[in-house]
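I opened the model to look up a few positions. My notes follow the display.

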Amino acid sequence: MNINFVGKRILVTGAGQGIGKEMALRLSSYGGQVIALSRTKENLEKLRAEDPKIQTVCVDLCDWDATKKAVEQVLPIDLLVNNAAVACLNPFFDATPEDFDLTFTVNVKSMLNVSQVVAKNMIERKIAGSIVNLSSQASQAALKDHTVYCASKGAVDMLSKTMALELGPYNIRVNTVNPTVIMTEMGKLGWSKPEKAQTMLSKIPLGRFGEVSEVIDAVVYLLSDRSSMINGVNLPVDGGFLAS
């Protein structure tokens, strides 16, 4: 499937490391003008060293006003990947207000903020756009010690569906990608212990965790015109976990 993003400006949040970093590099390799957003300047500098074509924006997504201003300054944006997320993993009784506030601010509230700025500009320009929000299998299946994280990803799914409903008439599509465990630094937080990893692997029909490249493949497809009639879906990249 021949896909390229030549002439497209693509914003990727949480692009300093993990899936977001590799996403930025891949989308740039497909000809897109990538704007990589992260709160960590050092990570952005490393990304630029790998691909000087990538434009970087350093801002803390927890700061609503600063984020809004930063995104407004890099408009216009044609394609958006809301990838940034945090994981505060505690059992139900150990979850704290601080865990909840941080998780929902980064995983959900910042997604709303960035998307409002980008979508408003898309509508003003009368262009067809695509927004992909990174969710998780944890939005649809309860995971032990993931109380707040699961709740935040459930919110991501429903935020995305309502976005798809309201932005669809403007020809702006909104979808989510819902991966299983991907062994990035965040993935290692919850699943690096072999005994715990095995409990998850035993529930995945394909018998393995996902690769970063497999998540990116799904995002690329949903960003592209090849998915032009796909709107409001949650696409699992989970080896069959949610089907089992």
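I started at Gly-129, which stands opposite Ile-172 in S6. The chain crosses from S5 through helix H5 (residues 147–167) to S6, and this β-α-β crossover is right-handed. That term means the path from the first strand over the helix to the second runs clockwise, with the strands pointing away from the viewer. Helices (H or I, at least four residues) and strands (E, at least two) are DSSP runs, numbered from the N terminus.

I noted that this is a predicted model: local features need pLDDT of at least 70, side-chain atom pairs count only at pLDDT 80 or more, and totals for chains, interfaces and linings use all residues. Residues are numbered from 1 along each chain as its sequence is written, and side-chain values use heavy atoms, leaving out hydrogens and water.

Next I checked the pairing of S6. S5 (residues 129–134) runs parallel to S6, joined by 6 bridges. S7 (residues 234–237) also pairs with S6 in the parallel sense, over 4 bridges. Pairing requires at least two DSSP bridges between two strands. Asn-178 has Pro-236 in S7 as its bridge partner.

Then I looked at burial (under 20% relative accessible area, 1.4 Å probe, protein chains only). In S6 (residues 172–179), 8 of the 8 residues are buried, so the strand is largely enclosed by the rest of the structure.

Last, I looked up Asp-78, in the loop between helix H3 (64–73) and strand S4 (79–82). Asp-78 counts as buried because its relative accessibility is 9%. Its side chain makes a polar contact (N or O atoms within 3.5 Å, one able to donate a hydrogen and the other to accept it; residues adjacent in sequence count only if both atoms are side-chain atoms) with the side chain of Arg-125, at 2.7 Å.

Technical notes. Buried means under 20% relative accessible area, exposed over 50%, partly exposed in between (1.4 Å probe, protein chains only).
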